[in-house]
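The sequence and structure are shown first.

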Amino acid sequence: MPALPAGFLDRPIAHRGLHDRAAGVIENSLPAIRAAAAAGYGCEIDLQIASDGEAMCFHDDDLDRLTGATGPVRARPAAELTALALTGAAPQARIPNFAQALEAAGEAPLLVEIKRQADTVGVGPLESRAAGLIAAHAARGGGPVAVMSFDPRAIAWFHANAPQIPRGLVSMDWDRDADGRGLTAEQRADLTGMRMFEASGCGFCSFHWKDLPTPRTRALRETGLPVLCWTTRSPADDAAARPHVDNVTFEGYRP
């Protein structure tokens, strides 16, 4: 189990980069990633798959909120996606692929959330592409990279196939959140309690700050494993989360 590098614990982590729509810096864009690195923060980004297997830096299932296009990200090839301008970006920025995001991060710590959008592709293709690019980034002397996901199957893939990459689970109180309504009570309990944490060789977790602390997160911290949180959006949120975590993922303010 690789330990989470110190860079993810000694500075706050900018959620989807250091974005600011009012200033034309859009989430998960290259300017947002560069801004986080320049400010001395770590950076968190989202990763999902294009129709041709490329790893793309984008959060939503669909393109509608952040571009002038519509429909799922996964339905388009990378060349089409990287040609799409992000709405409101100034100067104009486009959807980056993962290789571009890694280059923009440079030596800054990069926390990568693997998205399992609609699960139409299955586990493996996105994870494999990401692992290859992470290895190339490390070979060039790039900064530390860690992966995480809400889906334990994605993290289990890294455990089995790229065990050198630090990895963790993302979770929350699934009984509280609307996303848990389609799950059984047992599934919600498994995800909230991060049942697959040890089996997937996890070295950290990232938990919704409003749901902390939990018996599970307390136990992990007692064994020396770091607990991160998502997403604090004000100094007050930050102050409330800090007693229960080893670092925050933030947006909308500067810790």
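## Helix packing around α3

Helices α3 and α4 are roughly parallel to each other (angles under 35 degrees count as roughly parallel, over 145 as roughly antiparallel, 65 to 115 as roughly perpendicular and the rest as oblique). The axes of α3 (residues 98-105) and α4 (residues 125-139) come within 10 Å and cross at roughly 30 degrees, where axes are lines fitted to C-alpha atoms, for helices over the stretch in contact, and angles run from 0 to 180 degrees between N-to-C directions. Helices (H or I, at least four residues) and strands (E, at least two) are DSSP runs, numbered from the N terminus. This is a predicted model, in which local features need pLDDT of at least 70 and side-chain atom pairs count only at pLDDT 80 or more, while totals for chains, interfaces and linings use all residues. Residues are numbered from 1 along each chain as its sequence is written, and side-chain values use heavy atoms, with hydrogens and water left out.

On the α3 side, F98, A99 and L102 meet A130, L133, I134 and H137 of α4, with contact meaning heavy atoms within 4.5 Å. The residues of this contact of α3 with α4 divide into 6 nonpolar, 1 polar and no charged (Ala, Val, Leu, Ile, Met, Phe, Trp, Tyr, Cys and Pro count as nonpolar, Asp, Glu, Lys and Arg as charged, and the others, Gly among them, as polar).

Helix α3 also meets α1 (residues 30-38), and the axes of α1 and α3 come within 8 Å and cross at roughly 25 degrees. That angle makes α1 roughly parallel to α3. The contact is formed by L30, I33, R34 and A37 of α1 together with Q100, A101, A104 and A105 of α3, and by class the contact of α1 with α3 has 6 nonpolar, 1 polar and 1 charged residues.

## Loops and backbone geometry

A108 is found in the loop between α3 and β4 (110-114), and at 11% relative accessibility A108 counts as buried (under 20% relative accessible area, with exposed over 50% and partly exposed in between, for a 1.4 Å probe and protein chains only). Leaving aside neighbours within four places in sequence, A108 is in contact with A37, Y41, G143 and P144.

Two cis peptide bonds can be described: one joins A90 and P91, with omega about 0 degrees, and another joins L212 and P213, with omega about -5 degrees. P91 lies in the loop between α2 (78-82) and α3, whereas P213 is found in the loop between β7 (204-208) and α7 (215-222).

Positive phi values occur in residues other than glycine at N28, where phi is near 60 degrees, and at M194, where phi is about 50 degrees. N28 belongs to the loop between β1 (13-15) and α1, and M194 to the loop between α6 (185-192) and β7; N28 counts as buried at 2% relative accessibility, and M194 is likewise buried at 2%.

## Cysteines and G168

How many disulfides does the structure hold? There are 0 disulfides, a disulfide being a pair of cysteine sulfur atoms within 2.5 Å. C202 is in no disulfide, and the nearest cysteine sulfur, that of C205, is 8.6 Å away, which is too far for a bond. C202 is buried at 2% relative accessibility, and C205 is buried with a relative accessible area of 0%.

G168 lies in strand β6 (residues 167-171) and is buried, with a relative accessible area of 0%. Although G168 and C202 are 34 residues apart along the chain, their C-alpha atoms are separated by 4.7 Å. Beyond neighbours within four places in sequence, G168 is in contact with V147, M148, S149, I155, C202 and F204.
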